[in-house]
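Please keep the sequence and the structure in view while reading.

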Amino acid sequence: MSASIPYPAQLEFHGDRHIARWRPLVQWLLAIPQLAIASALRTLREVLLVISLFTVLFMERIPQALFDMITTTYRYEWRSVSYALFLHDDYPPFDFEPAAADDGVEGHTALSIAYPEHLNRWKPLYKWLLAFPHYLVLAALAIGGVFAFIWSFFAVLVTGEYPEGIRDYLVGVYRYALRVEAYVGLLTDTYPPFDLAG
């Protein structure tokens, strides 16, 4: 993939490294309502992806409204998870406006997925198999992410600052997972890069 062509699924994070030292102790608790809604939206997304499978097989595309709602579930999940990981201290909005492009309502995070006008009707039958190497990479990245999160927890408690490298790594792992899910979830036919960068 050319470096000049961005991947259709984009995830960004911009935030201050300074985090109040007490936040890691309670922010996960404050995030519970958001995470509960994100979990319900994930269930909805799974249903919508099954519907998408049939629209791709028969129409070679996903209707825009359906695509927008699926993207919204990913965006809401990212905002909730980034808050729960105390990457920032602004409580995420309860925003359910379906859109493929991020509206910028949450200043620290942005998640957009470019709408494809046409999808290959046969790729849904074998994309999951092509993504197998990514599953292995994601498993290793997730293990590293657990250790990175534990380290950041204590780093913020002691210093009041989120270590930049660890924060970038956690954001990169989530970005990587989003791209793999977007590919396997039929939102794009573009094979995801083996890259954590934006």
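## The largest pocket

How do the residues of the lining of the largest pocket divide into nonpolar, polar and charged? In this predicted model, the lining is made up of ten nonpolar residues and one polar residue, with no charged residue. Gly-145, which is part of the lining, falls in the polar group under the rule used here.

The lining consists of Val-81, Leu-85, Leu-138, Ala-142, Gly-145, Val-146, Phe-149, Leu-170, Val-173, Tyr-174 and Ala-177, and the space in the pocket comes to about 210 Å³. Two or more residues of this lining come from each of the elements α5 (132–159) and α6 (164–184), and of the elements that contribute, α5 gives the most, with five residues.

## Aromatic pairs

Twelve aromatic pairs are counted in the model. One of these is formed by Phe-67 and Tyr-115, whose rings lie 5.1 Å apart from centre to centre with 80° between the planes, an edge-to-face arrangement. Because Phe-67 belongs to helix α3 (residues 64–84) while Tyr-115 sits in the loop between β2 (109–113) and α4 (127–130), the pair ties together parts that are 48 residues apart in sequence.

Key:
Residues numbered from 1 in each chain as written. Predicted model: local features only at pLDDT ≥ 70, side-chain atom pairs only at ≥ 80, totals over all residues. Heavy atoms only, no water. 1 Å grid on protein atoms, 1.4 Å probe; cavity = no way out; pocket = protein on both sides within 12 Å on 5 of 7 lines; lining within 4 Å. Points joined across faces, edges and corners; volume = space filled by probe spheres on them. Helix = DSSP H or I, 4+ residues; strand = E, 2+ residues; numbered from the N terminus. Phe/Tyr/Trp six-rings, centres within 6.5 Å; stacked < 30°, edge-to-face > 60°.
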